[in-house]
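Reader: I'd like a close look at one part of this model, plus what sits around it. Please spell out your cut-offs as you go.

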2 protein chains.
Amino acid sequence: MATIREVARKAGVAAITVSRVINRTGYVSEETRQRVEEAIAELDYVPNVLARGLRSSRTHTLGLLVTDITNGFWTTVARGAEDAAVGSGYSVFLCNTDESATKQEQYLRALLSHRVEGAIIAPASSDRTALAALERARLPFVIVDRRVPGVNADLVLGDSLGGARELVGHLLARGHRRIAHLGGPVGVSTADDRERGYREALTAAGIEVDPSLVRRGDYKLESGCRLMRELLQCSPLPTAVFAANNVLAVGALAALRERGLRVPEDVALVCFDDLPQASLIDPFLTVAAQPAYELGATAVRLLLSRLADPHRPPEMVVLPVQLLIRRSS
Amino acid sequence: MATIREVARKAGVAAITVSRVINRTGYVSEETRQRVEEAIAELDYVPNVLARGLRSSRTHTLGLLVTDITNGFWTTVARGAEDAAVGSGYSVFLCNTDESATKQEQYLRALLSHRVEGAIIAPASSDRTALAALERARLPFVIVDRRVPGVNADLVLGDSLGGARELVGHLLARGHRRIAHLGGPVGVSTADDRERGYREALTAAGIEVDPSLVRRGDYKLESGCRLMRELLQCSPLPTAVFAANNVLAVGALAALRERGLRVPEDVALVCFDDLPQASLIDPFLTVAAQPAYELGATAVRLLLSRLADPHRPPEMVVLPVQLLIRRSS
DNA sequence: TTGTATGCGTTATCAG
DNA sequence: CTGATAACGCATACAA
């Protein structure tokens, strides 16, 4: 691969002049610029970002850690983040932690090692020490989707509490009284908030929460399937189920089918997060859709604003969720 | 951030000794190693991959270009690739070209600029000049999912032709005679092969292909919707539809619903590529599932083997698809 | 408007 | 087993 010096020699200038042409810094005469650009084209010159980053400590790169790359919610967050970043001249390293604290740690090291200028993190664990490495390294970061207590960083969330209340309120309005909850990981703020919203909605309606109808697992398919199977042991059966996210809901559907139960005829089902493809397919679950694209884009905006002003106080942005009512409930 | 020299000073050794400890190259006494590792831990030292890559031109990084990050097929390919890469000490830059030749070009430049050691590419266009930049830069690469005529590179494909024949064969066995085809982009090998398989299966069954039942678009939701609407103008209506991929199928479903038609009662629908979540939901499309994870993993294996032996002749690997028969057809 | 000297953090090379 | 020196490709600081 050609280097900046080879380009310079071909164009009959010094390397720094080529640098100035590429980066549009400083003055270069029109004629010189022409010659340099020709030389660049002829040699297929591609600047070496390693050398550039090493010298300038500006890598124009951000990191994004998501917890489940196969979930449409997260790929949409990623697209929102990427579009916002590219629009500002940054690229994004997309990393999938799979809800694993170990993978999260490895990727955070990798991001530090690549000298990204900032990171957007959906924390796999609520343990704030997991982010301590970033703080020690003074790497600016934004937390997305989940609160982590005691971490002093910008934060972008969907309104889990409000969304859960609305979903359960929707079921109540349809006449359901025996409503179960399939919850996510204990300690993950979205899961905790959604359970709280569920409880508050029931209590406000004068319904006592039946502890046997509240199950917590993790945000995985198997969990949804297993917890739903457990719920189906209850008697009487719940008439409706509120799943804490889309993956849990799909797992629950599998368990329901297994038992020959139809949605919504036999059991109503609602969940957090949209099912992009399935939304076009029966049974059309009612969902509380988070603005995933905006979550990603907002996180990048906050991060870039922090890079510009490292001393501004941390912000918390809570984006509203949208209730998409479909025929299932 | 601490540098290797600071670690060296703290441990009372030369920088190169720290390097040897980190990279497990050369001999270091057990006692020295201990001291160095302590210093690394105390200083939170994270090696700078920019400097490392600059000096050694080994970045331990691969690039992966996919055409649609929101499609579960491609996220699964990415996971397969990533697992295989990480297992061999590589990390992967995941890039989403969105089927756009322009984005593909930008990302290829970015990969060259980051000095990745190799790339895995799902070509957004069948234009081989799009890959010329890689050949000029002598960057080893593997093509995945789609053939590009005239490119001399390793290739990993699913069996589009065979899978299409099987899917259409399945419909024929169910008694369908008027079968439509929703095809992908003209010139994209998967789309071309699938149309060919469709035609061959019909011809072999003694059925003449009705040109008005064959529509080609791109692999986007809108395309599936629009083409299906067009098909619904035909008279008599087709009794079955073969969509060239999962996204087209979902678009087709939307158009069918719009017209109040049920799947499979009114129109049978089959497609290429699985619908991971929707598979648990009605209407349970019969699909030809490609081994997406293995496609990704195989591509990485081929790429790494090429890095080890740049002169071995290119290989072509065709992985079989699996017919998942569900109740829709 | 252009150029020279220098160093970013690491590892290759050679020396001991 | 350990170290000194130089160089990777580029951009900063300063000079002309």
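Author: Let's start at the DNA: 26 residues surround DNA strand D, and the closest are A:Ile4, A:Ser19, A:Ala51, B:Thr32 and B:Arg55. Here, "near" means a C-beta atom, placed from the backbone, within 6 Å of the molecule or strand. This is a predicted model, where local features need pLDDT of at least 70, side-chain atom pairs count only at pLDDT 80 or more, and totals for chains, interfaces and linings use all residues. Residues are numbered from 1 along each chain as its sequence is written, while chains are lettered from A and ligands numbered from 1 in the order written.

Helices (H or I, at least four residues) and strands (E, at least two) are DSSP runs, numbered from the N terminus.

Now the two protein chains: 39 residues of chain A are in contact with 39 residues of chain B, contact being C-beta atoms, placed from the backbone, within 7 Å. On the chain A side, helix 4, helix 5 (72-87), strand 2 (91-96), helix 6 (101-113), helix 7 (132-136) and helix 11 (246-258) each supply at least two residues. A rotation of 180° with 0.0 Å of shift along its axis puts chain A on chain B, with an RMSD of 0.1 Å. That's the relation of a two-fold axis.

Helix 11 of chain A is the part I'd zoom in on. Its 13 residues reach 19 Å from first C-alpha to last, close to the expected 18 Å, which is 1.5 Å times one less than the number of residues. Ten of those 13 residues are buried, so helix 11 of chain A is largely enclosed by the rest of the structure. Buried means 20 or more other C-beta atoms within 10 Å of a residue's own, exposed 12 or fewer, partly exposed in between, with C-beta atoms placed from the backbone. Among the buried ones are A:Asn246, A:Leu248, A:Gly251 and A:Leu256. What covers the buried residues includes helix 5, strand 6 (179-183), helix 10 (221-231), strand 8 (240-243) and strand 9 (268-272) of chain A. Just past the end of helix 11 of chain A, A:Gly260 has a positive phi of about 75°.

Key: Least-squares fit on C-alpha atoms with pLDDT ≥ 70 in both.
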